[in-house]
Amino acid sequence: MPAVDVAACWRLAEAISPRRGLRTDTWDDTTSTWLHQYDHQPWPDAPPPGPYALYLADESGQFRLLCFDLDTTRGDVETDLARLRDLLDTAGVRYVVTASGTGGGRHVWLATGPGGAAPLAVRRLAKLLARALPTLDHGMLCNPGTGAARPPGAPHRDGGHAVLLDPATPLAAAAALESGVSGVVERLTEELDATVSTPDERSTATLTTREIIQRNGGLALAGLRREPSPSTRAALDTVARDGEASGLLATVLVGLALARWSWPEVHALLDRAPGLEHARTRSNPRAGAARIRRGSEEAVALLRRQWRRCVEYAAQLPPAATQDAINRAEETARYVATVQAALDEDPARWARQSGPADRGVLDAVCLVALEACGVEIDLDVRRAAAMAGISKSAAARAFDRLSKDGFLLRTAEAVGPRAATWKLLPPATTPEQQQQGGTQGPRPPGPVREDLRHRLRESLRIRAADAFAPRKVGGLGRHCARVAAACVNGANATTLSRICGYTVETCERYLTTMRKFGLVRQTRSGSATLNTSALARAARRLGTHGYRGEQARWMLVDREVYAWWREEEQWMRARKRPRRPHSGEQHLQLWGARRREPFPRSGERADFAEARRRIAGRHRLVSA
């Protein structure tokens, strides 16, 4: 790592700072650690002794700087850095790359030009980038009030400093950051919009927002005040578990904002509402220790800041999204996130012989729950099998095991064409969640659901790829698929062993096999990254290309056989039905009418095997 010219970097920070103040970390004498809790202070004459961060926006809320924080705990930083640099180069943007510390993280800085950039435009860009770059921690870009990042030369709480990489000198970095051009956010958004966002998102980007007004000394949404929804009242009375206090506070405040509450009413709840615990206390760096009480002024300031952010967020929600629907979606997302975190804590459970099928079905249930905004959903075996990339018999056995093991509860049996109803059960224990970084500011409410949906869809898509068809038909198998899905963002064999529950040797063997078919790429850091573009090519080499498509057609055959039998039953139960037609009879068919084809029979009994063979022949799965 290059040497750090602290004095020159301090002059650079002073030259580019949007405000005459910064945020400094808090030292705890009891634990002798930096708490990663940043507070404002006026600009000092000398660099602070500990970690400090520059604001990204000025006092008016306009972003003057952007910092893209690529975090090694989220995946392969080098791959995402290459993608980001390619995007910036394509858009003709000058930028600065720094190493955030000794852990391998990277910060990419750029200036937004003389006029700055509007918070909503930066928020949209941040969310689009977060989908394209899995390692991006975009919280600071969604928080114009306190969003900040450590500049070049700033100490890291775990040792070392933020170091300039490209350009390598503070003078060159200053030239790059002082030459920002207006419209950079719009150009980057345009580059990403066509490939990352969905048509629905693009059509709702210009929806009219709710009006924000000043009421009783604070922000509020215009309209008549009403009582909070039952879900918001329940969140107010909920005692947050470790790692959930910040998210619970955001849920409460968004619900109160939509109910048109004012700042004094929210302030009155500070000392007594369990759901506002994050405003009263901060997390303790010591695992399992009690939370640290905030001072009264700090608690009020934090609550006021969060109230402003949540009012602004609530104003942007689509008009069709009612308060109850929003709260239900967020509650379901938190529930599913807790379940997923607990499942990840026991990788050995999913590494046994039936593990991949069980986890695939569970992930499918979680995805459907997110789509339905509820933890009790209707899901048939064949749909779950198609989503998980397994056979319907394997899915049926997986449902049975998961029900016996307490992961799922069948609340209603399948009746006729209606699927069985399953309830996703909460885990017995909740793992600790990683503490949020203090420089980032709390994350904006509501992104959990979209992040989970994206992650589950991508993971299920990979595991259902033809290349990972069962080994008995020539594919790489479901266990190899689990390892492949785990190295989407880059991981070595040791990390994969911890994530997937296999031995290091087993993970190495799967990686070696996938390298042979071009499915993984080795990065400079030694990690293996899945090459999703090679999945179809690998399936052709393995001779399994089209396997999942054929499976889907066979499931369609089963559905058509069932529909045919239901039609036959209705015909048999109809009053005054005519004599059953003989297969050799001639029929006069009126234009627009559909001839009822008799269900095959063997003697007096229905012949389902023959019915399946006929329909399979229509789909060219067998010789007609």
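In this predicted model, an open sheet is formed by 5 strands in the order β9-β6-β8-β7-β11, with antiparallel pairing, where two strands are taken to pair if DSSP finds at least two bridges between them, and where helices (H or I, at least four residues) and strands (E, at least two) are DSSP runs numbered from the N terminus. Strand β6 (residues 65–70) and strand β8 (residues 106–111) are paired in the antiparallel sense over 6 bridges, and Phe-68 stands opposite Val-108 in β8. Residues are numbered from 1 along each chain as its sequence is written. Because the model is predicted, local features need pLDDT of at least 70 and side-chain atom pairs count only at pLDDT 80 or more, whereas totals for chains, interfaces and linings use all residues, and side-chain values use heavy atoms, with hydrogens and water left out.

A search of the whole structure finds 29 salt bridges, a salt bridge being a side-chain nitrogen of Lys or Arg within 4 Å of a carboxyl oxygen of Asp or Glu. One of these joins the side chains of Asp-166 and Arg-85, at 2.3 Å from N to O; the pair links distant parts of the chain, with Asp-166 in strand β11 (residues 163–166) and Arg-85 in helix α2 (residues 77–90), 81 residues apart. Accessibility is divided into buried (under 20% relative accessible area), exposed (over 50%) and partly exposed (in between), for a 1.4 Å probe and protein chains only. Asp-166, at 33% relative accessibility, counts as partly exposed, and Arg-85, at 25%, is likewise partly exposed. A salt bridge is also found between the side chains of Arg-225 and Glu-227 (3.3 Å, N to O), in which Arg-225 is partly exposed at 39% and Glu-227 is exposed at 51%.

The side chains of Asp-405 and Arg-349 meet in a further salt bridge (2.9 Å, N to O). Asp-405 lies in the loop between α16 (392–404) and β17 (408–412), and Arg-349 in helix α13 (residues 347–351), so the pair ties together parts that are 56 residues apart in sequence. Asp-405 is partly exposed, with a relative accessible area of 42%, whereas Arg-349 is buried at 8%. Through salt bridges that share partners, Arg-349, Arg-352, Asp-358, Arg-401 and Asp-405 are joined into one network.

The structure holds 0 disulfides, a disulfide being a pair of cysteine sulfur atoms within 2.5 Å. The sulfur of Cys-500 has its closest cysteine sulfur in Cys-507, at 5.7 Å, which is too far for a bond. Cys-500 is buried, with a relative accessible area of 2%, and Cys-373 also counts as buried, at 16%.

Cavities were identified on a 1 Å grid over the protein atoms alone, as sets of points where a 1.4 Å probe fits but cannot get out, with lining residues having an atom within 4 Å of a point. Grid points are joined across faces, edges and corners, and a volume is the space filled by probe spheres set on the points. The count comes to 2 cavities of 30 Å³ or more, and the largest cavity has a volume of about 70 Å³. Its lining includes Pro-356, Ile-390 and Arg-463. Two or more residues are given to this lining by α14 (355–372) and by α18 (478–486), and the largest share, 3 residues, comes from α18.

Technical notes
1 Å grid on protein atoms, 1.4 Å probe; cavity = no way out; pocket = protein on both sides within 12 Å on 5 of 7 lines; lining within 4 Å.
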